[in-house]
Amino acid sequence: MRIFLLIATNMAILLVASIVMSLLGVNTSTMGGLLVFAAIFGFGGAFLSLAISKWMAKKTMGCEVITTPRDNTERWLVETVARQAEQAGIKMPEVAIYQSEELNAFATGPSKDNALVAVSSGLLYGMSQDEIEGVLAHEVSHVANGDMVTLTLIQGVVNTFVIFAARVVAGIINNFVASNDEEGEGLGMFAYMGVVFVLDMLFGILASMIVAYFSRIREFKADEGAAKLAGKDKMIAALERLRQGPATGAMPAQMSALGINGKKSMSELMMSHPPLEKRIAALRAS
């Protein structure tokens with residue numbers, strides 16, 4: 001189901017971008033046309049993903065939105081988010097629970113006043129109320145800081161760079177091959193597309209590092225915001241508990257960057273979240 005949703009989303013992005021290009025009469029054979037093409041696909045994909053982010057999160061994670069609390073724990077959860085949202089000056093986000101043993105939570109949505117805060121069942125029933133308050137304050141801070149929109153803009157910029165740069169470099173290679181070819185035919189369509197694909201992958205790795213860098217910054221900022229909303233001690237306690245909890249991994253790759261506890265990586269350059277030790281140290285030093 002998760003794979004189907006991801007493929008369907010990407011197909012929808014391609015369809016919308018193709019329609020927009022057709023309506024605008026974009027000619028990708030010129031440098032200006034190529035830049036417009038790259039911007040439409042780069043920003044179009046990023047903003048369409050943002051627009052459907054809440055829907056995708058609910059479907060992908062199987063979130064149960066709390067409309068009427070079923071017990072005191074759910075009532076406390078909703079009331080805590082409501083209180084923190086009021087402190088942060090944003091509209092009340094939707095509050096949801098998803099079934100997972102890992103200790104995690106995330107926030108998403110197209111705007112500050114149209115957001116979703118979701119917690120795992122493992123976190124809700126495996127952490128103390130003070131620790132959960134710290135986690136919720138972190139997610140509410142993400143919403144109040146407008147991090148979803150900010151990262152969408154950054155993603156749109158790097159997407160545009162990848163699409164544009166890959167095709168420009170492939171064009172240079174094609175022209176070089178053509179100039180050294182007696183028939184002057186260059187790479188040929190399939191070889192050219194193969195070069196574009198490889199360059200998309202290489203530039204995509206660089207782009208991922210850039211996005212991950214800004215994502216790590218937003219995590220530190222959200223921790224600072226959480227310390228103001230819930231108290232520094234509660235936020236530190238939450239991070240300490242996350243460090244002791246079950247290893248992350250249940251959250252799919254496309255959602256893990258949204259969680260309070262991100263996936264590990266061989267290199268910190270590729271991590272969307274700073275190591276928990278660094279986050280705790282930063283809070284203690286603040």
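The model is predicted, so local features need pLDDT of at least 70 and side-chain atom pairs count only at pLDDT 80 or more, while totals for chains, interfaces and linings use all residues. Numbering runs from 1 along each chain as its sequence is written, and side-chain values use heavy atoms, with hydrogens and water left out.

**Stop one: the annotated trio.** Select H138, H142 and E219, which UniProt (unreviewed entry) gives as "binding site"; such annotations may be inferred rather than shown by experiment. They are spread over 82 residues of sequence, yet the largest C-alpha distance is 8.4 Å.

Now zoom in on E219, in helix α8 (residues 189-230); helices here are DSSP runs of H or I, at least four residues. E219 is buried at 0% relative accessible area, where buried means under 20% with a 1.4 Å probe, protein chains only. Its side chain makes a polar contact with that of H142 at 3.2 Å (N or O atoms within 3.5 Å, one able to donate a hydrogen and the other to accept it; residues adjacent in sequence count only if both atoms are side-chain atoms).

H142 sits in helix α6 and is buried too, at 2%. Beyond four places in sequence, H142 touches D147, M148, R218, E219 and A222 (heavy atoms within 4.5 Å).

**Stop two: the loop.** Pick S100, between β2 (94-98) and β3 (105-111). S100 is buried, at 11%, and a polar atom of its side chain lies 3.3 Å from the backbone nitrogen of E102.

Terms used:
Helices (H or I, at least four residues) and strands (E, at least two) are DSSP runs, numbered from the N terminus. Buried means under 20% relative accessible area, exposed over 50%, partly exposed in between (1.4 Å probe, protein chains only).
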